[in-house]
Amino acid sequence: MAVPVQVAEQRSQQLASYEQAVSACTRCRLAEGRTQVVFGSGNPDAELMFVGEAPGFHEDQQGVPFVGQAGKLLEKLLAGIGLERADVYIANVIKCRPPGNRDPQPDEIEACESHLFRQIELIQPQLVATLGNFATKLLTGKPLGITRVHGQEQWTTLGGNRVQLYPLYHPAAALYTPRMLQVLEEDFARIPQLLGTDDVPKPVLQLAPAPEPTVQLGLF
Ligand code: URA
């Protein structure tokens, strides 16, 4: 749905100034080893937001999430449902690259999570697709792993708004496991339905021309 111009401008400015503030974040040890904070990128008015795990080498270098191999797959999956990066917003649970791409530590997630919550609050997406275990566990608030919950949408409240969460396998995991890739593609294919954008255009009814007014003979 189109967002009024003023709302869009205000949102984009708020997101940009929040990004500026976060670029100097030193809340956890990851600040020491990063090249830069990888805040997030895409459409600030997106109905669909993706949340991954943490920046890797290329993301840390370029300052943009999902620019490596996993990102290429994500773009391919998006194209499969008629979308591109510019249509969605992409962020991570953790905004700075963990050394050697190790898993984020619980205290790092805790230090960083309010950045993600603020992003969700500003963007107000309709659907948040969590990619992999870290994003799924954080945003569902439950310990259930991605293998159990992938493809199962659930409502929650995030940033003061009702949002549908949609857990998906992480594209990086699917890169090397064909069966996982197939499941990811199948789960992805349901996104248009969850967004309510899968409606087949309704045929335009061809209205018959209005009948000529019948001449009243004044019989009554
Ligand atoms: N790139 C990201 O930005 N996040 C991930 O979770 C994986 C790769």
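## Helix α5 against helix α6

In this predicted model, I109, E113, L116, F117 and I120 of α5 meet F134, L138 and L139 of α6. Contact here means heavy atoms within 4.5 Å. The residues of this contact divide into seven nonpolar, no polar and one charged. Nonpolar covers Ala, Val, Leu, Ile, Met, Phe, Trp, Tyr, Cys and Pro; charged covers Asp, Glu, Lys and Arg; the others, Gly among them, count as polar.

Two packed helices are described by the angle between their axes and the distance between the axes. For α5 and α6 (residues 133-140), the angle is about 75° and the axes are 12 Å apart. Axes are lines fitted to C-alpha atoms, for helices over the stretch in contact, and angles run from 0 to 180 degrees between N-to-C directions. The pair α5 and α6 is therefore roughly perpendicular. The classes are: under 35 degrees roughly parallel, over 145 roughly antiparallel, 65 to 115 roughly perpendicular, and the rest oblique. Helices are DSSP runs of H or I with at least four residues, strands are runs of E with at least two, and both are numbered from the N terminus.

## Basis of the values

Residues are numbered from 1 along each chain as its sequence is written. Local features need pLDDT of at least 70, side-chain atom pairs count only at pLDDT 80 or more, totals for chains, interfaces and linings use all residues, and side-chain values use heavy atoms, with hydrogens and water left out.

## Helix α4 against helix α9

Helix α4 spans residues 69-80 and helix α9 spans residues 178-188. Their axes come within 10 Å and cross at roughly 40°. The two helices are therefore oblique to each other. The crossing of α4 and α9 is right-handed. That term applies if the near helix is turned clockwise from the far one by less than a right angle; anticlockwise is left-handed.

On the α4 side, the contact is made by L73, L74, L77 and L78. On the α9 side, L181, L184, E185 and F188 take part.

L30 lies in helix α2 (residues 30-33). L30 is buried, at a relative accessible area of 3%. Buried means under 20% relative accessible area, exposed over 50%, and partly exposed in between (1.4 Å probe, protein chains only).

Leaving out residues up to four places away in sequence, L30 touches I94, C96, R97, P98, P99, R102 and E108. L30 and K137 are 107 residues apart along the chain, and their C-alpha atoms are separated by 21 Å.

## Cysteines

How many disulfides does the model have? The count is zero, where a disulfide is a pair of cysteine sulfur atoms within 2.5 Å. For C28, the closest cysteine sulfur is in C96, at 6.2 Å, too far for a bond. C112 is in no disulfide either; the nearest cysteine sulfur, that of C25, is 6.3 Å away.

C28 is partly exposed, with a relative accessible area of 22%. C112 counts as buried, at 10%.

## Positive phi in loops

F66 has phi near 50°, a positive value in a residue other than glycine. F66 sits in the loop between α3 (57-62) and α4. With 6% relative accessibility, F66 counts as buried.

N101 is not a glycine, yet its phi is positive, about 60°. N101 is in the loop between β3 (89-92) and α5 (106-123). At 43% relative accessibility, N101 is partly exposed.
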